[in-house]
Structure formats: C-alpha cells, structure tokens
Amino acid sequence: LKEARLNYHNNKLPNDLQLPNNKKVHFLKNFKYLGSIITPLLIEDAEIDTRIKKAKSIMGASKHFFDNKDIDKRIKAEIYIAGPLNALLWCCETWNLTKNNLNKIMSFHH
C-alpha cells in the first residue's frame, strides 16, 4: 500500500497488461464512472475537489440572482439547496470523509 501511494503521488502507473488476442489493459490515474471520479487508492479527494468546483461554478453563474435584493431569502435558500448544494453533495453518502475533506466542504457551505 505504501508503494501504491508513492507511485500515485509520483504519477507513476503500472505497465499495461497484455491480454490474449493482443488486447491491452491500460492503467489511469483516475477515471469517471457513473458520474464519480475513481482513483487507484479509492480516496475521495479528487471527487470532492471536482464537486466543490462544480458548486462554485453554479454559484458564479447565479451570482446576479443571489445578489438581487428583491428576491425573498427563503426563495434564495431553496435555489441554493436545489443547485449548488445538490451539486456539491451528489453521491456524498458513499464518501469516506477525512477531516481535511470535511473542512473543504464546510468552508464552501459557509
């Protein structure tokens, strides 16, 4: 496991596997599967960082809406829950959170 961590952080991937009929299996640093980012070490750092970027993007796109003083705060709260917060916490029930990742999520939410 230590060697796998070291290889992951040094961007060193295993050699391709040769299968019958000259087919190869390639190794990747991470890939997207069913909307989630999977890494060789099965850590959620990349997934959480991507979710935070997506939520910030939604907040940036709706900046004029949230800055509008004529819109009721309850409506803004509902839109925040439906948009950015939903994008941030999508599939979060499968995450194994570290304190660092929890702090990232909390800093976005506040």
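Predicted model: local features only at pLDDT ≥ 70, side-chain atom pairs only at ≥ 80, totals over all residues.

Trainee: Which residue just after α4 takes a positive phi?
Mentor: That residue is Cys 91, which has a positive phi of about 65 degrees. Residues are numbered from 1 along each chain as its sequence is written, and side-chain values use heavy atoms, with hydrogens and water left out.

Trainee: Where is Asn 21 placed, and what makes it exposed?
Mentor: Asn 21 sits in the loop between β1 (17-19) and β2 (23-25). Its relative accessible area is 70%, and buried means under 20% relative accessible area, exposed over 50%, and partly exposed in between (1.4 Å probe, protein chains only), so Asn 21 counts as exposed. Although Asn 21 is not a glycine, its phi is positive, at about 65 degrees. Asn 22, found in that loop between β1 and β2, has a positive phi near 60 degrees and is likewise a residue other than glycine; at 69% relative accessibility, Asn 22 counts as exposed.

Trainee: Why is the pair of Arg 51 and Glu 47 called a salt bridge?
Mentor: The term asks for a side-chain nitrogen of Lys or Arg within 4 Å of a carboxyl oxygen of Asp or Glu. The closest N and O atoms of Arg 51 and Glu 47 are 2.9 Å apart, so the pair meets the rule. Both residues lie in helix α2 (residues 45-61), four residues apart, which is about one turn of the helix. An α-helix has 3.6 residues a turn, so residues three or four places apart point the same way. Both Arg 51 and Glu 47 are buried.

Trainee: How many salt bridges does this rule give, and what makes Lys 104 and Asp 49 one of them?
Mentor: The count comes to four salt bridges, and in the pair of Lys 104 and Asp 49 the closest N and O atoms are 2.9 Å apart. Lys 104 lies in helix α5 (residues 99-109) and Asp 49 in helix α2, so this pair ties together parts that are 55 residues apart in sequence. With 23% relative accessibility, Lys 104 counts as partly exposed, and Asp 49, at 30%, counts as partly exposed too.

Trainee: What makes the ten residues of the largest nonpolar core a core?
Mentor: A nonpolar core is a set of buried Ala, Val, Leu, Ile, Met, Phe, Trp, Tyr and Cys residues joined through side-chain atoms within 4.5 Å. The largest one has ten residues in all, among them Ile 48, Phe 66, Tyr 80, Trp 95 and Phe 108. At least two residues of this core come from each of α2, α4 (73-89) and α5.

Trainee: Which residues does Phe 66 contact, leaving aside its neighbours within four places in sequence?
Mentor: Contact means heavy atoms within 4.5 Å, and with those neighbours left aside Phe 66 is in contact with Met 59, Lys 76, Ile 79 and Tyr 80. Lys 76 and Tyr 80 are among the buried residues of α4, whose cover includes α2, α3 (63-67) and α5.
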